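Subject: Structure handover

Hello,

Here is the structure I promised to pass on. Please open it beside this email and follow along.

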Amino acid sequence: MKQSTRVAAIAGAVLAATAAATATTAGAAVASPAHHQPGGVFVQTNSAGGNRVVVYDKALDQVGSYATGGVGGTLGGAVVDPLASQGGLVLDREHGLLYAVNAGSNTITVFGVHGDRLNRLQVIASGGTFPVSVAVHGDAVYVLNARNGGSVQGFKRIGSRLVLIPRWNRALGLDAAATPEFTHTPGQVAFTPDGKHLLVTTKANTNEIDVFAVSADGGVSAKPVRNVDAGAVPFAVSFDHFGRAVVAEAGPNAVATFDIHRDGRLTKVAEVATGSTATCWVVGADGKFYLANAGSATLTSVRAGRDGSLTKLTTTTAGAGTIDAAISPDGRTLYSENGGGTDGVTAFTVGHNGSLTSRGTATIPGGADAEGIAAF
């Protein structure tokens with residue numbers, strides 16, 4: 001009963017506020033301003049009429065828009081977060097590639113990144129149904145598919161293309177009939193910083209953080225270690241400087257740190273409440289982490305100590321339906337994506353104390369169902 005009440009509260013808060021690779025031609029870009037600031041952000045429209053990645057510079061001037069060659073999708077019950085995930089748009093800085101999920105067409109798009117310009121290189125089947133999150137480590141890429149009980153599918157990156165490895169597919173075995181769908185499908189797939197483990201959050205569908213061991217060639221163990229985070233609805237994950245998992249818990253509207261043991265077991269170290277509602281997304285930089293609270297339209301900052309302790313710092317008003325977020329490589333700018341039909345992206349200057357100061361908001365064209373963001 002407590003679990004049902006928590007899931008219902010999350011939903012209420014949110015309501016209130018291809019089996020082979022296919023080479024494709026480059027997506028056409030929308031006209032760009034003659035002058036713009038270096039660095040910026042990629043945002044995914046996730047449109048069912050044709051998914052695109054829109055590019056903004058630091059001043060939030062739009063400098064391009066690129067078709068993914070696929071279509072977006074929306075999970076049942078979702079209002080502000082159609083993919084109900086983190087990591088739907090992932091930048092691989094080391095190899096100059098950007099990965100975008102096309103949930104409605106069960107594909108992944110690979111873009112080449114050239115500053116603020118993109119070149120569409122490949123569209124490839126995701127190895128499952130309704131892809132929502134991507135994780136990258138070295139030349140291994142894993143995709144999280146949300147529907148039909150959930151699955152992860154592994155790929156090998158060869159040059160600037162992905163090759164699906166059939167033996168790197170793992171079913172998660174979640175209850176595919178559990179509702180509402182957006183709180184009962186898996187939330188994120190993520191590699192640990194050392195690449196030795198692959199984590200999957202299951203949200204309200206088992207309340208687990210599943211941990212797969214990763215072999216030297218990038219393959220994962222036959223079964224994960226299932227770590228129950230009872231009643232917490234673990235949604236998204238980041239990592240601190242010491243390799244601990246930092247998890248956004250939508251059930252208690254909190255953030256928690258976990259030690260990751262070599263055998264895949266997790267031990268909770270600390271937890272602190274955000275004081276907001278629908279706390280689902282988390283990103284970090286310089287020992288500070290930022291939680292997006294969709295139900296409260298706020299961003300909460302916390303500091304993680306060397307021992308895994310957590311200290312709440314600030315709460316900042318953000319755009320309506322605040323969902324996914326990304327931080328610039330220098331850690332000085334946080335970009336927040338706003339959902340729920342009033343879709344836009346807001347830039348914040350990051351203060352030394354974790355404070356956030358808004359620098360303005362830009363509308364996402366064709367982004368009424370937008371979700372997925374990455375800073376460059």
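**What I found**

The mean positions of the 27 positive and 27 negative charges of the chain are 4 Å apart. Lys and Arg count as positive here, Asp and Glu as negative, while His and the chain ends are not counted. Each charge is placed at NZ of Lys, CZ of Arg, CG of Asp or CD of Glu.

A word on the source. This is a predicted model, in which local features need pLDDT of at least 70, side-chain atom pairs count only at pLDDT 80 or more, and totals for chains, interfaces and linings use all residues. Residues are numbered from 1 along each chain as its sequence is written, and side-chain values use heavy atoms, with hydrogens and water left out.

**The whole chain**

The C-alpha trace spans about 50 × 45 × 35 Å along its principal axes. Of the residues, 60% count as buried (under 20% relative accessible area; exposed is over 50%, partly exposed in between; 1.4 Å probe, protein chains only).

There are two helices and 29 strands. Both are DSSP runs, numbered from the N terminus: helices are H or I with at least four residues, strands are E with at least two.

**An open sheet**

Four strands form an open sheet in the order S9-S10-S11-S12, with antiparallel pairing. Two strands pair if DSSP finds at least two bridges between them. Strand S9 (131–137) and strand S12 (161–171) stand at the edges; each has a single partner strand, so one side of each lacks a neighbour in the sheet. Neighbouring strands here are turned by 25° against each other on average, direction ignored. The axes behind that angle are lines fitted to C-alpha atoms, for helices over the stretch in contact, and angles run from 0 to 180 degrees between N-to-C directions.

Now look inside the sheet. S10 (residues 140–145) and S11 (residues 151–158) share six bridges in the antiparallel sense. Leu144 faces Val152 in S11.

**S23 and its partners**

Strand S23 (residues 298–304) is mostly covered, with six of its seven residues buried. S22 (residues 288–293) runs antiparallel to S23, joined by six bridges. Lys288 stands opposite Arg303 in S23. Four residues separate S22 and S23 in their hairpin, and Ala297 in the turn has a positive phi of about 55°.

S24 (residues 310–317) also runs antiparallel to S23, through seven bridges. Thr300 stands opposite Thr315 in S24. Five residues lie between the strands in the hairpin of S23 and S24, where Gly308 takes a positive phi near 90°.

**Backbone details in the loops**

Which residues does the cis peptide bond join? They are Thr179 and Pro180, with omega about -5°. Pro180 is in the loop between S12 and helix H2 (181–184).

Asn46 is not a glycine, yet has a positive phi of about 55°. Find Asn46 in the loop between S2 (40–44) and S3 (52–57). Asn46 is buried, at 1% relative accessible area.

Asn207 has a positive phi too, near 50°. Asn207 sits in the loop between S14 (197–201) and S15 (208–213). Asn207 is buried, with a relative accessible area of 7%.

Best wishes
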